[in-house]
Amino acid sequence: MHEVEQDHEFGDLPDDLSEFLNNEYLPEFIDTEVLFGDPWLNCGDNNSDVLTTTELPSSDSHQQEKQHNLRSKTNNRHKRPKAPRSQPCTDENMPSRAKRPRAAGQAKTKKAQTEPTVTQGRDTGSELSPAETAGLSTPSPRILHLHPSIQFITIPDTPGYQVVQTLSLSPPVIRLPLPNTAATPTYIFVPAPSPPRNCQMPPLSPVDGAVAPVQMSSSPPGSLSDTASKAMSPPRASPLFPSNETSPCKESPVPQSPTVLDIPQGVKDYIQEAKAHMSQTCQDMEPGMNLTSHYIDVQVIQREILRSGKNPNKCLDKELVIMGETDQQKSLLGQSQIFESSNGDKPKRYILLLGNAGMGKTTLIRKLCLDWARDCIPQFDFVFLLDGKALTITEPTYSLQTLLLNLSSFAPSCIDPQAVYAQILAAPKRVLIIFDGFDELRDYEILLQTQEKDLITSLQKDSKAQTYTVRQLYSAILQRVLLPGCTLLLSTRPRGTASQLLRRADSLLEMSGFTPTYVESYLSQYFTDPALRTSAMDCLKNCSYLHHLCWNPGLCRLVCLVLEQFKSSEILPRTLTGLCHQVLRLKIERDCRSTHSQAEAQAQISIQSGEETQTHTSNNTQAKRGSKNTQRKSRAQVRTRSRTQRARRAKVQEKEAGEVEAEEMKSDGGDVDSTEERELLSQLSSLAWEGVKANSSIIPTGRTIATKLEAFGLRTGLFLSHHLKTKQVFSCGEREGGEGEDREKTGRGQKGQKRENQGSTDMENNISDNILMWANPFLQSYLAGVHLALSRTVSDRTFLQSLPFQSGSKGRRRPQREELELTQRFAVGLLFHNRTELQRLHLYTETTFRDMVVSKQGLVTKHLEGLSHVDLSPAQILEACHFVYEASFTHGDDSKDSGGTRLATHLAVNLPEVLTFHRVSLSPLDMFAMQNVLERGGTEGRSFCLDLEDSGIQISGLRALVGLSNINTYRACIADVITLWGQLEQSGEEGLLQQVISKFKIHPLKATQVCHIEHLAKLVNIHVHRRLSDSSSSQSDSILAEGVPAVKELHKLEFELGPESGPLALPKLWELLPGLHNLQHLDLENSKIGDKGAEKLADALVSLCSLEILNLSQNCIGDQGVKKLATTLRDLPKLHCLSLYSNVISDEGAESLAAALPQMASLTDLDVKYNKLTDVGAQSLGVSLRNCKKIKTLRMWNQCIPYGVFERLQQQDHRILWH
């Protein structure tokens, strides 16, 4: 390949190089003879990679002359000496030429300019006849076909990068300088290696402007970068003979997955090894359970944010849009859809996975890793799982390479980490990084805080010698300082401030939990014995509270553990406190049985070894005696038999004595074991309380833990040992100050191991750390509650301060953490639990323990009874319902004299009549606790009105609540209510259907989401047609004979979707408005309805004869819209307030309004401030005002009205106001 001279200064390079791939530029810098002779730039036939030429029909003489002049002009301007070239190889069917002509001419369409192929075009008006075409003898033009594998590569504009062209360079490189560009070339052609393929030529004589099929010359999709695709798209889009017709395929479809680059074979081997390793290691869930056999394919919910923008520091759970169950079903996503973009949006690159404790976030992440290992997520070449527990490593010993290939979970050993890391940097869009193990949003918010500039600069340099802490690297990845193009999946709980995350996240997902169908599937997989499975399902159906607990997958696991032991539903726990108490007891009993069985096995082994020794000795003695005196054989046999009998009798007596002694030791040792067990549980409860206060499930590394305590926690499954591989990787070259590259290897137990790879030797120092952590968040909170309620080290004052609902200036102003809420519930439940069952949880005497429990019971009772329930927020009322439920049903002692029953009755009697849970998410457990209090209130003669709108309550829970006889009215998601009505109709419960229809209310209705208007439209449709559906029964039709009472009683509708979402719901609004005959107040402020919307509204207002207030402020309504509205507004007999504030009404619109004012007999207030009317329009309204005696105020000031004119109008009529 010939070297190209470069004499120009280079400036900024354009994104599109197609404008330089023509005859005016190429001959100046590139020897076209060499260019045409290079086989990499020309696609041949199947048997040759060299140039093949194509004969094309020439155009008319005028076109030939024009092109010849252009070629002459170009050659004269850029005339350069040419190097001699060799004769190119030709095809057998093509004549060889002594000299290769240059291609000339440019395509006239913009589409053709973007292609690297140099074609000859002609005017569309010059059509040649076949005879003329056949008679032409002008040599045909030559077409330059660029090899499909040629790519554009961008080189940084620094002196450190230089393109060296040599004849032996493979693949060949062509330096292509551009005019007015910088001295360092930025764009070069590099032929990437690719398998040979057939290159088909376009048809030689297209008819009527037809183009060659796309399949004939298109290159493989996804093989070029974006810049390269723009600069040299495949030679397919431009026709050889342009015409007025355009090709229907102008652009290639955008690939859904990131571009797949060529991956070296060594990296491919590592990817396959990583998948195999991950497939084996990520399946384990718990002992005896794995993803393959016990996983339930639960879908996730796509969540949205209100995006109010008023307070960026709002809690995430307050910013999330809470949807009803009907809308949630529409927002469910399968695991394969988590990373897919929807409706042509940008790909999801920053995904937040939300879920409370036990909802299965970690299990879902493991399943995603398993799916990737099984090639079910093909858009990623690499998946790295980074655990939040690694933040405990504070030493700066990692680089990004060692973090991903060494510290990440399920990472296998890597033979060539440099090549793998280079591939990661080359294609970050095909990398998925998952963050798990972060219990709080606050952990992410801290990591997203701005880092120092020097640290950011150092991180971006990616120096192998520089190491960082895990926290610094996590922060750099989350802030897009490192691997900015990768996809991030972050799991956390939804409580807390998330201002940083909300600005970055482009997808919010939430775990949906178990439905009743999922619960049955889980039990079917958990209980392999059919008889036990049937018994467990029957018990679960008879215990309503436990069935509601199974909504949480983590609690469902604990319920199954209890169902294994209890076959009767009568002794099953009925509270969360009772459930965790039973689970803890079962774990301890299982540990005791395992310990005793191991001890007995060891004792049996020792006894058997002693018997074998004695038997062997006796046999040897008999043999010796037999050899000495064979004559005494019979006598010896007799003596041996007698001795054997005596030995057996002695052995039996010894065994009996040993059993008696063992029983005595067991009884004595039982007390010892019981005391030791209580001490260990006391230490565990104290440790759990420390973790809850610190909001951490990890045992602090600086905390000294006794060996017995750690062993006890691991044996019972309360503790979990998490292995972290901390490595310090050093390169010999780095230690000596040379240029060696660090190579790291992963794997356990490799200490001081040295390997040699590509000329560099690395030495490793592997240190394995085990982090001790709580295995179950519910059991950790339960043990923390044990310490809080049953430990004498917690004083009454400290205990009282730990209770919720603190009054005064020190009262909490933000929502509590989930772990603390659970601990408080457990503490209250334990105080009212059966004291006999709590004996193994304390070390005190019976009297001391009783006095302590009674004292703390009094504190709880006094605290809860002293609350002002009217001042409690909806979330606090919900917490109070949970506390009294745990206290009332912990042991089933719900007599009138029990303290828990007293608390429940007091709460039910003092609750406000209207209970509003608007925008408070209600889980099945919340619904059950609230139902218990409401039922108890019904026995006390109380009745309530429930507002469950935007609470996310399930339809089954809604049915249970609104079916109570002491519920007067209720509000809920309209779509869920309609679904409930349909279920009741299908089940034939006409009585309950009539009740829930008559109790339902929607007044006043504030629509803040598009779905609110869609749901209202369905309800109005039912009201208008007087039936639930086309297949409704005659009984339900009679219930709806007079329509839906909620629609008839709707008097106020506020349309508050804003200027962005408002226009999306306006068509539905225009449809439903005519059905709201009793509507009195309609607020459409800031909805951008415009003139067209005003015309639609005018048509709908004809049916709103009861309308009294109409707010159309800030809606871009002009003169045409007002003119249409004026003809309708004059016919509204009750309209007394009209606001057209801040629109675009000018004098013409003011005159239309002034003409209608005298006919609006009931109008009292009119607001047209901040419009575009001048003194002419103002005077028209002022004159019309004299004929409107009932109008009290007219506000019409704006900057277009002269001050003197407005002041004179005010003097003429005092009803004209500034504001």
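Modeller: Buried means under 20% relative accessible area. This is a predicted model.

Biologist: Is Leu 907 buried or exposed?
Modeller: Leu 907 lies in helix α31, residues 899-910. The cut-off for burial is under 20%. Leu 907 has a relative accessible area of 3%, so it is buried.

Biologist: Which residues does Leu 907 touch, not counting residues up to four places away in sequence?
Modeller: The C-alpha atom of Leu 907 is separated by 8.3 Å from that of Gly 937, 30 residues apart along the chain. Contact means heavy atoms within 4.5 Å. Leu 907 touches His 869, Ala 880, Cys 881, Val 884 and Val 933.

Biologist: Which residues touch the most other members of the largest nonpolar core?
Modeller: In soluble globular proteins, nonpolar side chains tend to be buried together. The largest nonpolar core here has 200 residues. The residues that touch the most other members are Trp 981 and Leu 1073.

Biologist: Where is Asp 950 found, and what is its phi?
Modeller: Asp 950 sits in the loop between β17 (944-947) and α33 (955-962). Its relative accessibility is 11%, so Asp 950 counts as buried. Most residues other than glycine have a negative phi. Asp 950 has a positive phi, near 55 degrees.

Biologist: What is the omega of the peptide bond from His 1003 to Pro 1004?
Modeller: Pro 1004 is in the loop between α35 (990-999) and β19 (1005-1007). Most peptide bonds are trans. The bond from His 1003 to Pro 1004 is cis, with omega near -15 degrees.

Technical notes:
Residues are numbered from 1 along each chain as its sequence is written. This is a predicted model: local features need pLDDT of at least 70, side-chain atom pairs count only at pLDDT 80 or more; totals for chains, interfaces and linings use all residues. Side-chain values use heavy atoms; hydrogens and water are left out. Helices (H or I, at least four residues) and strands (E, at least two) are DSSP runs, numbered from the N terminus. Buried means under 20% relative accessible area, exposed over 50%, partly exposed in between (1.4 Å probe, protein chains only). A nonpolar core is a set of buried Ala, Val, Leu, Ile, Met, Phe, Trp, Tyr and Cys residues joined through side-chain atoms within 4.5 Å.
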